[in-house]
Structure formats: structure tokens, C-alpha cells
Amino acid sequence: MIEEFDMKLLQEYSRKYFNSSKAQKSKILDEYMSLCHLTKRNTAVKRFERFRYSSNNGRQFIKKPGRPKKYGSLEIEILKTIYYMSDFICAERLYPVLRLFVSQLEANDKDFKFKYPADVVERVLNISLGSLKRIISGFEKPKKKRCHLSNSMLWKDIPVVANSYHKYTDDITASACDLVEHKGENSSGIYAITYVNVHFYSQWITRISALGKDRTAIEEIYSKLLSSNPLYKYGIVKKSHQDNEKALLSYLYHKTNLELSRSRAYKSNVTHLVEQKNGDKVRNIVGRFRYDTDWEVELLNKIWEISDLIDNFFIPSHKIISRIKDDKGRTVKKIYDTPKTPYQRLMESKDMPDEIKKELTMTFNSLNLVDLRKKQIELRNELMWFKKRKRLALKNYQVELVA
């Protein structure tokens with residue numbers, strides 16, 4: 001505790017300390033330390049600062065005078081006008097044409113000389129590049145709006161849904177779709193694509209291939225979807241969630257009455273219901289090769305026709321019901337429902353019309369899993385054989401060119 005005598009010393013020496021020069025401050029500290037029996041200078045300085053803070057009801061910071069301002073509000077106003085008139089170009093590009101811009105302002109404003117004296121204009125014309133950079137850096141630069149000519153209304157009208165799986169998992173009217181490209185290691189030219197459509201509630205999958213990603217290919221895919229998928233044929237699907245593929249979004253937006261939603265751009269894990277099917281149900285069957293001929297597309301569609309029957313009527317799938325998480329929010333365990341085939345889920349649904357159930361039952365009774373697997377393997381082998389022949393022909397052609 002600081003006693004009354006020490007308090008008087010502190011009051012006297014602190015005033016001397018803050019009103020003295022640097023050389024005198026050292027002597028004042030030495031005197032105060034000897035009277036109060038202090039060993040550290042830092043302790044004395046802290047006492048002075050604390051006393052000053054308490055006596056002035058808060059610390060007061062005295063701003064140093066610093067360098068005088070050369071450019072006032074009028075000079076900055078001229079430079080700001082020129083900066084906005086130049087469409088926000090940088091100081092390096094603005095500096096050489098500064099005199100030209102000032103002359104243009106003088107010619108178009110009758111009151112220019114009245115508003116800005118000659119000495120102000122002279123200082124602006126003789127400004128250095130460094131000063132111009134410093135002043136321009138303090139100006140606010142408005143953000144330019146991007147102009148989308150063809151898809152501006154398309155992106156605005158189709159909402160983004162980030163949690164599509166959790167939102168539509170029990171919705172019998174919703175489906176998700178995505179496009180898989182069969183371009184191999186070469187993305188040039190026209191190549192085949194496979195349209196993957198998955199029903200959220202039942203996991204019913206439909207795969208259709210076409211050559212190219214233009215409007216014609218999308219129309220061909222959608223017409224086949226309406227004829228092959230019973231959920232589309234009977235008008236059960238009314239909501240469609242898809243990736244941000246322009247041709248697909250444009251066709252569905254302008255040519256269908258579906259309630260559309262899309263995933264976030266460049267986020268492949270958003271539509272994971274379809275994304276996980278791309279590898280398991282497409283690339284694991286036909287590989288990651290390049291297919292760019294009509295014959296290959298025809299083979300792909302034959303493979304998908306058989307594969308859809310196998311996956312929808314014989315291969316069960318399960319959906320996540322809940323997740324068990326630890327204290328840090330990490331998923332420890334996933335709880336799934338009872339595995340069922342898409343056919344079983346549709347048959348057990350109370351909202352499914354009897355017409356679809358009858359058609360699906362007739363289709364199921366006519367199927368033979370062993371025969372379907374044999375046909376699928378034969379078609380895959382035919383596709384791989386054609387792929388090898390095409391690759392061999394390409395190598396022979398390259399050898400002939402070199403020779």
C-alpha cells in the first residue's frame with residue numbers, strides 16, 4: 001500500500017515527469033526511486049501512468065502535430081471527380097492523363113475556376129505519383145454489377161437448396177438428377193453423357209445416355225425419361241433438384257412444369273444422393289473411358305435398360321434415419337432404416353396409385369435376375385471389345401502418320 005507521504009511524492013513527481021524533456025525524466029525517476037526505495041524504473045513509470053489515469057478520469061492521448069497537410073478538401077474533390085470519371089482506373093494509368101482530365105473538367109464546367117482557385121488546380125497538376133496513389137487508395141470503389149445476358153433470370157428464378165436430401169427424403173414427389181461425362185482424359189470435342197435420375201423417397205434410379213450436352217441431347221434424354229420411368233409417366237414427380245448444368249436447367253425451366261431447385265455451384269457433396277450413384281451405378285459398370293460414337297451410346301443405353309431393372313427390383317438400399325454425435329459434433333455412428341428395394345418402397349407407399357403398383361408388379365413377375373445379369377455382362381463385354389478395337393485403330397493411324 002502506498003502511504004500518504006508516498007502519495008504526495010507521486011503527485012509531485014508525476015507532474016514533473018510528464019512536463020519534462022527526455023533527459024530530465026531520467027533524473028526525476030532516479031530521485032523518486034531513491035525516496036521510495038524502488039529498484040526498477042518500470043515500477044516508477046507505471047505508478048506515474050496510473051496516477052495520471054486516475055486523476056484525469058481516463059487516459060488522455062495527445063496527438064502529435066505531425067506533417068502538415070499539403071492537399072486540402074478542394075484538391076481531393078477534384079481528384080475524386082477525375083477518379084470516378086476515369087471508371088476507377090489505377091493511379092499509374094491515371095497519372096499520365098491527369099492534365100487532360102482537368103482540362104476536360106474546365107471545359108465542361110463554367111463555374112470550375114470560381115469553385116477551384118488557380119493555386120488548387122496547380123497543386124493537383126503537380127501532384128506526385130506516390131501522393132496520387134495514397135489519395136486514391138482512400139476513395140471508395142463501388143462494386144460493378146455482373147451482367148448475365150442469357151441466364152440471369154434462370155439463376156434467380158431457380159432457388160438453391162443446400163440440404164436437399166434431408167428436405168425431400170420423405171417427399172414422394174421429388175427426384176434428383178445429375179449428368180456424368182464420358183470424356184476420359186480428353187475433354188475436347190463431342191462425347192457421351194449419362195443422365196442419372198434418382199427418386200428421393202424410393203431411391204428409384206433411371207440412367208439414360210446421349211451424345212453431347214446440347215439442347216437436342218437433353219430433349220432426347222427427357223423424352224426417354226417420360227416413357228421409361230413410371231414415376232414421370234404417371235405424373236408422380238413434381239419437384240426436381242439438379243446440378244447447375246446450363247442446358248439441363250434451361251430445358252427443365254422452359255419446357256416443363258416441375259418445381260425446380262438447384263445445388264450450390266462447385267459443391268459436389270451437396271447432391272450426394274446422386275453423386276454417390278455416379279461412381280457406384282455408372283463408372284463402376286462402364287469405366288472411366290471416353291465414349292464418343294453413336295454405337296457406344298446405343299450400347300450404353302442397352303446396358304442402362306438392364307441395369308435399371310436389376311437395381312430397382314432386386315438391389316436393396318437403406319437411408320439414414322439419424323446420426324449419433326460426440327461432444328465435439330463429430331458423427332460417431334449412423335443409424336439406417338431396414339434395407340428395401342425401390343420396388344418394395346413404392347409398393348408399401350400409401351400415396352402411390354394402384355395403376356403404378358399393378359404395372360410394377362407385372363414387370364417384376366416377368367423378370368429373371370440370372371438372365372438380366374448375363375445380358376448385362378454380355379453388353380459390357382461388347383462395349384469393352386469395341387473400345388479396344390477403336391483404341392487399336394487409333395494407334396495404327398498414328399503410326400501411319402509418323403511413317
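A salt bridge here is a side-chain nitrogen of Lys or Arg within 4 Å of a carboxyl oxygen of Asp or Glu. I note at the start that the model is predicted.

**Entry 1: a pair in helix H12**

I looked up Lys-224 and Glu-220 and found that their side chains meet in a salt bridge, at 3.3 Å from N to O. The 3.3 Å falls within the 4 Å cut-off, so the pair counts. Both residues lie in helix H12, which covers residues 215-228. They are four residues apart, about one turn of the helix. I then checked how open the two residues are. Lys-224 has a relative accessible area of 30% and is partly exposed. Glu-220 is also listed as partly exposed, at 34% relative accessibility.

**Entry 2: a pair in helix H1**

I turned to Glu-12 and Lys-16. They form a salt bridge, and their closest N and O atoms are 3.4 Å apart. Helix H1, residues 4-18, holds both of them, with four residues from one to the other, about one turn of the helix. Glu-12 is partly exposed, with a relative accessible area of 41%. For Lys-16 I noted 38% relative accessibility, which also counts as partly exposed.

**Entry 3: a pair between two helices**

Next I looked at Lys-133 and Glu-92, whose side chains meet in a salt bridge of 2.8 Å, N to O. Where in the chain do Lys-133 and Glu-92 lie? Lys-133 is in helix H9 (residues 129-137), and Glu-92 is in helix H5 (residues 91-94). The two are 41 residues apart, and the pair links distant parts of the chain. Are Lys-133 and Glu-92 buried or partly exposed? Lys-133 is partly exposed at 38% relative accessibility, and Glu-92 is partly exposed at 42%.

**Entry 4: the network and the total**

I also found a network of salt bridges, which links Arg-207, Asp-280, Lys-281, Asp-308 and Asp-311. How many salt bridges does the structure hold? I noted 21. As background, side chains of opposite charge can pair when their charged atoms come close.

**Entry 5: strands S6 and S7**

I moved on to two strands. Strand S6 runs over residues 320-325 and strand S7 over residues 331-336. They pair in the antiparallel sense over five bridges. Ile-320 stands opposite Tyr-336 of S7. S6 and S7 form a hairpin, with five residues between them. In the turn I looked up Gly-329, which has a positive phi of about 85°.

**Entry 6: a nonpolar patch on the hairpin strands**

On the surface I found a nonpolar patch formed by Ile-321, Ile-324, Val-332 and Ile-335. Together these residues have about 360 Å² of accessible area. S6 and S7 each supply at least two residues of the patch. Ile-335 lies in strand S7. Ile-335 is partly exposed at 33% relative accessibility; a patch residue needs over 30%, so Ile-335 passes on that point.

**Entry 7: the whole protein**

Last I took the overall values. The protein has 19 helices and seven strands. Of its 403 residues, 39% are buried. The protein exposes about 25900 Å², and carbon and sulfur atoms supply 52% of that area. For contacts between residues at least 6 apart in sequence, I noted that 62% join residues at least 24 apart.

Definitions and conventions: Residues numbered from 1 in each chain as written. Predicted model: local features only at pLDDT ≥ 70, side-chain atom pairs only at ≥ 80, totals over all residues. Heavy atoms only, no water. Pairing = 2+ DSSP bridges. Buried < 20%, exposed > 50% of the residue type's maximum accessible area, 1.4 Å probe, protein only. Contact = heavy atoms within 4.5 Å. Areas by Shrake-Rupley, 256 points an atom, 1.4 Å probe, with all protein chains shown as cover. Patch = residues over 30% accessible without salt bridge, like charges linked within 9 Å, V, L, I, M, F, W, Y side chains within 5 Å.
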